[in-house]
Amino acid sequence: MSKFWAHDSSSSSNSENESDSDNSSSSDSDVSTKKAGDTTNANRWVMDSDSSDDDEVRVVKSGKDRRNETIKADETKMRNAMKVKDFNAVDDSFKRIQTVMEKQKVGGVDMPSFYIRILCDLEDFISASLKDKAGFKKLSATNGRALNRMKLQVRKYNKGFAEQITAFRANPVVSEDEADDDSSSSSSDSDSDSDSDSDSDSDSDSDAEPKTKPKPKEAAKPKAKAKASSDSDSDSDSDDDDSDDWGSSSSDSDSDSSDDDINTQLKGRARWVKTAVVVKEKVVKDKEGRAEKRKQEKEKRDAESAAKSKSKFLEKEATMTVALVEKNLNDIVTSRGKRGVRASDLTRQLEALCKMSIQFGPTVEIPVLMHLINSQFDQNRSIDDYMSPTVWRSCAASISRIATFLKNDSRLKLKLMDADDFLEMQMKMKEKETSKLKEKEVLIDPNTGEVEDEAQRAERLRAEAEAKLSEEERYTIKAAGSMCAFMVRLEEQYTKALQKTSPHSAEYVIRLRDEGVLLEVLSLVSHYYEKTGMNTEVAELNLLRLEHSYYKHDSIAVAVDNATKFATKFGELEALHPACLSTNAKATAVDPSKVHPGAASGKPSIAVDPETPSPEQNITDCASFIYAHGSEKEKVRAILCHITYHAIHDRFEEGRDLLLMSKLQDSVATSNHIPNMILFNRMMVTLGLCAFRKGKIWEAFQCLSEIAGGRLRELLAQGLNKYGSDKNSEQEKAERRRQTPYHQQLNVDLIEATHLICAMLIEVPNMAKESAGGENRKRAASKYFRKQVEIYNRQIFTGPPENTRDHIMAATKALQAGDWKNAYEMVANLNVWQLVPGEGAKENIQKVLMENIKEQALRTFLFTYSNNYDSLALESVVEKFDLEASQVHSIVSKLMFNRELLASWDGPTSTIVMHRVHISKLQNLALRYSEKVAQLVESNEKLLDAQSGTYGFSDRDFSNTGGSWNNNRRGNYGGNKYNTRRRYNNGGKGGGGKGGRGGRKYNSSN
C-alpha cells in the first residue's frame, strides 16, 4: 500500500474523537498512554507498522466520559458530606456539579438520568433536614446559612427539570452503572463484526440507558449504518487498511452540514473519497391532536376526581358528628395560610363542611360560616382585586344567614376569638396528633362498657363537656371575626367592583341590583348589634346604609325597592308570560290543560306594606343615631349626606341651616381627610342646584363658583386630570380608588349649565353698567364666565349653538341686546333639564328662568339705553318685558335708591324721568382714589385676618337687593374645595353685618 494513504494511528483516533464530541476543543480526546518516542509533529502521511502497537494499551475517553467521571467524583464527595450533615461541603460539591452540567447543557447534550437522581436525592435530603427542627437548631451558623441557601438554590434550579424529575420519581432507576453505560458503549472492544461496530458508534452519540426504554424521538430517528472494519484488530494485515471505516467521519458529523463543510473537516484519504449523504425527512408533529388528547385526558381526570370527592362527601355526611365537624374545621383552619394551600381550595372544603353542619343547628353552623367568610375574603391577593359576583353573593348570603339566626334566637351571642382561643385550637390539634391509637388498642365506653371508635369517643367527650356548661355559655359562640368588620369589607368589595366595571355594560346594571341585598344585610346585622347594645358598631353600619341611600330621590328609591321585591318574589321580568305584562291583564278562571296559567293570572304586583318606613324616615333615623353615638368622622359624613339628601328634595333652607350650624366649611380643610372633602364638594354642588331650582340665583352662584370650572370632574372624584398632572403612579392609583361609582355621579353638563346661567344673570347687568360708563372699575363676579364671553366674541364666524355652553353664550348675546325672549328660548330648551329628578322639575326650572331673565333684561336695558332717553313710560316698559307694573316699579325704585340709575318717578304720569349728570375730571380722580384706598384697606384686613385668625374687620355686607349688589357684602356658602395636591384655600367666616356664610372670596362694589 502506498505511503500517501498512510496515517498515524494516534492522529486517526484523535480526529475521530473530535467529531464524536460535538466539535469541541482538542482536549475532548484523551490518550492515557503514549509511545515514548511519539512526537506531535509526526508526518501524517507516514503510517507506522502495526507491529509497533502490539505492546501498547491505549484508553481513549471522550469529553462526555470525562465529564461524567468528574460528576461522579463530586457526587461521592457530596454524599459523604450528606452523611455527616456538612451542608457547606454539600453546597460546594453541588455547585461544581452544576457548573459542569451547565457546560454540557450548552453543548446540546441531554441530561443523563444519574444527574436527575442526584437532584431528586438532594431535594429530599434538604426537605428532611428542614423538617428536623431539633437537628436544625444544633447546626452551626455556617451550616445553617448553607442549608437555607441551598433550599432556595435547589428549588429554583429544579424548576428547569420539573418534567424529568417527575418522570424519574414515577420510574426511578437505581442502577450504579447507568451513568457509565455511554462511555462503555463507546470504548468497548471492537472484536465483534462490522455491523455491531457501526451500532456501537451510533449509540455512542446519545445517552443510552440499559434499564430504561429509549425515548420515542430517538427511536424514530433513521440511523445510517455504514459498513466499517476495525482498526484495533492486531491480527489484521496492513493491506486490510483499505477496509477501514470510509464513512465514519460523515456519519459522526452533523447530517445537516453541507458537503463543503464535510470536506474541510475530514483528514487524510477520507477527504478525497466520495461519501453518501443521508437526507433525513422531518417528521410533522400533530400538535393540535396531542393538545386535544391532553385536554380530554384532563377533563376525564377532573370528572373522576369530582365523582370520587362527591362519593366521599356523601359517605362522610351519613356518619358525620359534631366532633368530626369541629375536627375537620380545625384541620382546615390550621392549614390556612400555609405554603401550597390555595384559598379557593379551602373555600370549597368549608362550603362542603357548611352543608354537613346544617343538621346540627346554628351553634355548629355559625363557626363554619364565619371561617368560610374569612376564606372568601382571602381570595383577593392585592388591594385592587375584588370579589367576583358569585363569591360576593355567596358571602352576603352567609352573613345574612348568620344575622337571621341571631335575630330569630335571642339567646345566641357572638364572642370574638382572641389569641388564646387560637392557641388553644392549635394545642388541641397537637394533642390529637400525639394521642393516636396504637395497633390493636381497643377503646371502651366507661358509661356503657361497649367498644367505641375514635369518632364516637370524641363525640362522647364533647357531649360531656357541653353538659357541664351553663346555658349562657352554651349559646355563646366563639366567632373568628366581627360581623361589623365583615360588612365593612363587603361594602368595600361592592364599591370596588362598581369602580372596575364598565358603566355602559349590562354587567354594571346587574351589579346594581346587589345594592338592595347589601342594604338588607346591613339592616339585619345592625338589628343584632342594636339588640346587644353595641352602639359604636350600630353607628358604623348606619353610616354605610346612609351612604348607599342619600343620593337617591324618594321616587327613585321607592321604585328600586319595589323592583327588588318583585324580582325576589316573581323572578326576572323577561321570564314572565307576555300576557301578564299588558296593562289590561286581569285574573280569570281558565282550564290549565288548554291555556297557560300565566296568560290568565293577571299582572303580578307587590303589595305595599303600610308599616314599612319611607326612605326619608330611614335617612332621618340613621343620621340621628350617628349624631348621638358616632365618632367625629362619622358625624361629619352623616351631616354631609343629610344635607345632600335635603338638597335633592328641594329643601334648601333645611340643608343651609344644617350646614351653618355644623360649621363644616371651617373644619373640612383642616381635617386632611380627602373622602370627606370629596363628599363636601358633592354637597355644595347639590345645594347649589337646589338653590337654582328654588330661584335663589345668587346663593346658587356662590355654591357653584368655587367648584365649577376646569377641574370639576377631579374635585367631584368623577375623573382624573388628563392634562398637566404632576402625580406619580402611586398617587394616581390612590385617586382611582377614591373615584365615585358611575350611578352616584353628578351630571357635569347640568352643573356647568346651572353655573353659567347664574353667572349670566349676575354678570350681564354689571357688564352693561360698565359699558355705559357708570363704573370705572370692573366688578368681575365670575372671571370664568367673562373669559368664556371674550372667547365667544373673538370668534370670526359664529354658527348655530351646538353644546350647552354655546347655547348659554348665545343667550348672553341676546340678553345684552335686551331680547329676553330669544335668551329664554336658548336656555329653557336645554336637554339637561330632563336629568333633574322629581315630578314637574323641568317646568319649575323653566318658570324660574322666565322670571329671572325678564328682571335682568330690564336692568340691562336701563343700564345700556338710559342715556338715550329723557323719560320712559311705565306702560311701555311693562309691555316690552311682559312684567307686572308693581314688579317693574319695585325694580326701578331699588336701582334709584342704590344710585345705580340716576332717575326719578313722575307720579301723576307714571313716568321714569332720567337725570343727566356729568362728572368732572376732579370728581373722577377722587372716585378712583377712593377705590384704591378701599382696595388697600381690604388687602390689609385680609392679611391681618390670615395672621391673627380673627375675622369681622369689614362691616360691609354684600347683599342682593333688587337684583343689584351694593356696599353691604354677604359671605357665600363656599366651603373649601378639595385639592389633590393638598393645598387648601381656607375661607373666612364671612363678613359682618348679617353673619356671613363661610365664604372664601367676595366681590365688592362702591
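Does E938 count as buried or partly exposed, and what is its relative accessibility? At 13% relative accessibility, E938 counts as buried, where buried means under 20% relative accessible area, exposed over 50%, and partly exposed in between (1.4 Å probe, protein chains only). Before we go on, a word on the ground rules: this is a predicted model, in which local features need pLDDT of at least 70 and side-chain atom pairs count only at pLDDT 80 or more, while totals for chains, interfaces and linings use all residues. Residues are numbered from 1 along each chain as its sequence is written, and side-chain values use heavy atoms, with hydrogens and water left out.

Let us stay with E938 for a moment. Its side chain meets that of K942 in a salt bridge (3.9 Å, N to O); the term stands for a side-chain nitrogen of Lys or Arg within 4 Å of a carboxyl oxygen of Asp or Glu. Both residues belong to helix α41 (residues 921–948) and sit 4 residues apart, about one turn of the helix. Helices (H or I, at least four residues) and strands (E, at least two) are DSSP runs, numbered from the N terminus. K942, with 43% relative accessibility, counts as partly exposed. Elsewhere, salt bridges that share partners join K72, E75, R79 and D121 into one network.

By this rule the count comes to 33 salt bridges, and two further pairs are worth a visit. R96 and D74 meet through their side chains at 3.4 Å, N to O. This pair links distant parts of the chain, with R96 in helix α3 (residues 87–106) and D74 in helix α2 (residues 63–84), 22 residues apart. R96 is partly exposed, with a relative accessible area of 38%, whereas D74 counts as buried at 6% relative accessibility. The salt bridge between R348 and D345 is given at 2.2 Å, N to O. R348 and D345 both lie in helix α15 (residues 343–357), 3 residues apart, about one turn of the helix. D345 is partly exposed, at 23% relative accessibility.

Now turn to the sheet. Here 3 strands form an open, antiparallel arrangement in the order β7-β9-β8; two strands pair if DSSP finds at least two bridges between them. β7 (871–873) and β8 stand at the edges with a single partner strand each, so one side of each is left without a neighbour in the sheet. From one strand to the next, the twist averages 25°.

Strand by strand, β7 and β9 (residues 911–914) pair in the antiparallel sense over 3 bridges. A873 stands opposite T911 in β9, and L872 has I912 as its bridge partner there.

L902 is partly exposed, with a relative accessible area of 36%. Together with V917, I919 and L927, L902 makes a nonpolar surface patch of about 360 Å². Such patches are made of residues with over 30% relative accessible area and no salt bridge, with like charges joined within 9 Å and nonpolar side chains (Val, Leu, Ile, Met, Phe, Trp, Tyr) within 5 Å. The accessible areas come from the Shrake-Rupley method with a 1.4 Å probe, and for residues only the protein chains shown count as cover.

Technical notes:
Axes are lines fitted to C-alpha atoms, for helices over the stretch in contact, and angles run from 0 to 180 degrees between N-to-C directions.
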